[in-house]
Amino acid sequence: MKKDSRVRKKKALPTEGDRSTLVPRIKTHRFTAALREMNIPEDQFPYTEPLVADLLVTYAFDLPGIFQMASGAAIAELGIPLPEVRDIAVTNLKRQLPQIGFEGLGPIKRIVTGENLEACTLLAGPVWDQVGAEIDGDVVVAVPNRDVVLFCGSRSAEGVAALRAVSAEV
């Protein structure tokens, strides 16, 4: 009995990074310090940009089951000029980012995405514009973990104290 030689081809998932899979990731300076201690070769070192305080924006290729960090060399190989990296990565992230919600925790609020992308919402300007218009004072943000982003208004002494306390706990 002969087998049917016609096989349905499934759409192949990407196995290596390309422009469409480049996304931002938020890390701390501890991340790059740990990589330096591991003696990662400079040409394999992830490309980073400063964000705020001890936070960095790193870039990765979002491949099935894994984020593969994107080095400056890998980005250059794709022909992406460094000043355009963040815009491309944020555009790709927007396709993945679910609805962003807010959860009240007393005098502070928490960003909720349900996809462990909470820290990446720091790059979602319109969200923070909306938040800024609705709170009292400037936006004060704490990111104690990649899936925990807390905020309050700067005029809320109780909120700022709560941010410090929760951040210390997490």
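Mentor: Exposed, in the sense used here, means over 50% relative accessible area, and buried means under 20%. Keep in mind that this is a predicted model.

Trainee: On to the inside. Which residues have the most contacts within the largest nonpolar core?

Mentor: That core has 30 residues, and the ones with the most contacts inside it are L22, I26, Y59, V85, I111, V127 and W128. Two or more residues each come from β1 (22-28), β3 (55-63), α3 (85-96), α4 (125-134) and β8 (148-153). Another core, of eight residues, lies apart from it and includes I108, A142, V160 and L163.

Trainee: Take L22. What does L22 touch, leaving aside neighbours within four places in sequence?

Mentor: Among its contacts are Y59, F61, I80, V85 and I88. N92 is also one of them.

Trainee: What makes Y59 a buried residue?

Mentor: Its relative accessible area is 0%. Buried means under 20%, so Y59 qualifies.

Trainee: Y59 also pairs with Y47. Why is that pair called stacked, rather than edge-to-face or tilted?

Mentor: Look at two numbers. The ring centres of Y47 and Y59 are 5.8 Å apart, and rings pair if their centres lie within 6.5 Å. The planes are at 25°, and under 30 degrees counts as stacked, so stacked is the name.

Trainee: Where do the two tyrosines of that pair lie?

Mentor: Y47 is in the loop between α1 (29-37) and β2 (48-52), while Y59 is in strand β3, so the pair ties together parts 12 residues apart in sequence. Y47 is buried too, at 17%.

Trainee: How do you know what kind of pair F102 and F151 form?

Mentor: The centres are again 5.8 Å apart, but the planes are at 80°. Over 60 degrees counts as edge-to-face, so that is what this pair is. It links distant parts of the chain: F102 is in strand β5 (residues 101-105) and F151 in strand β8, 49 residues apart.

Trainee: Is each of them buried, exposed or partly exposed: what do you call F102, and what do you call F151?

Mentor: F102 has a relative accessible area of 36%, which makes it partly exposed. F151, at 3%, counts as buried. Ring pairs link F102, W128 and F151 into a cluster, and the whole structure has three aromatic pairs.

Trainee: Now charges. How many salt bridges does the structure hold?

Mentor: Three.

Trainee: What makes R86 and E49 a salt bridge?

Mentor: Their closest N and O atoms are 3.1 Å apart. The limit is 4 Å, so the pair passes. R86 is in helix α3 and E49 in strand β2, 37 residues apart. R86 is partly exposed at 25%, whereas E49 is buried at 13%.

Trainee: Which side chain meets E42 in a salt bridge?

Mentor: R36, with an N to O distance of 3.8 Å, which is within the 4 Å limit. E42 is exposed at 58%, and R36 is partly exposed at 48%.

Trainee: And what about R155?

Mentor: R155 bridges to D136, with 3.1 Å between the closest N and O atoms. R155 is in the loop between β8 and α5 (157-169) and D136 in the loop between α4 and β7 (139-145), so parts 19 residues apart in sequence are tied together.

Trainee: Last one: R25, in strand β1. How do you know whether R25 has a salt bridge or none?

Mentor: Its nearest side chain of opposite charge, D62, is 6.9 Å away. A salt bridge has to be within 4 Å, so R25 has none, although it is buried. Its contacts beyond four places in sequence include L56, F67, N116, C120 and R146.

Conventions
Residues numbered from 1 in each chain as written. Predicted model: local features only at pLDDT ≥ 70, side-chain atom pairs only at ≥ 80, totals over all residues. Heavy atoms only, no water. Core = buried A, V, L, I, M, F, W, Y, C linked by side-chain atoms within 4.5 Å. Buried < 20%, exposed > 50% of the residue type's maximum accessible area, 1.4 Å probe, protein only. Helix = DSSP H or I, 4+ residues; strand = E, 2+ residues; numbered from the N terminus. Contact = heavy atoms within 4.5 Å. Lys, Arg positive; Asp, Glu negative; His and termini not counted. Phe/Tyr/Trp six-rings, centres within 6.5 Å; stacked < 30°, edge-to-face > 60°.
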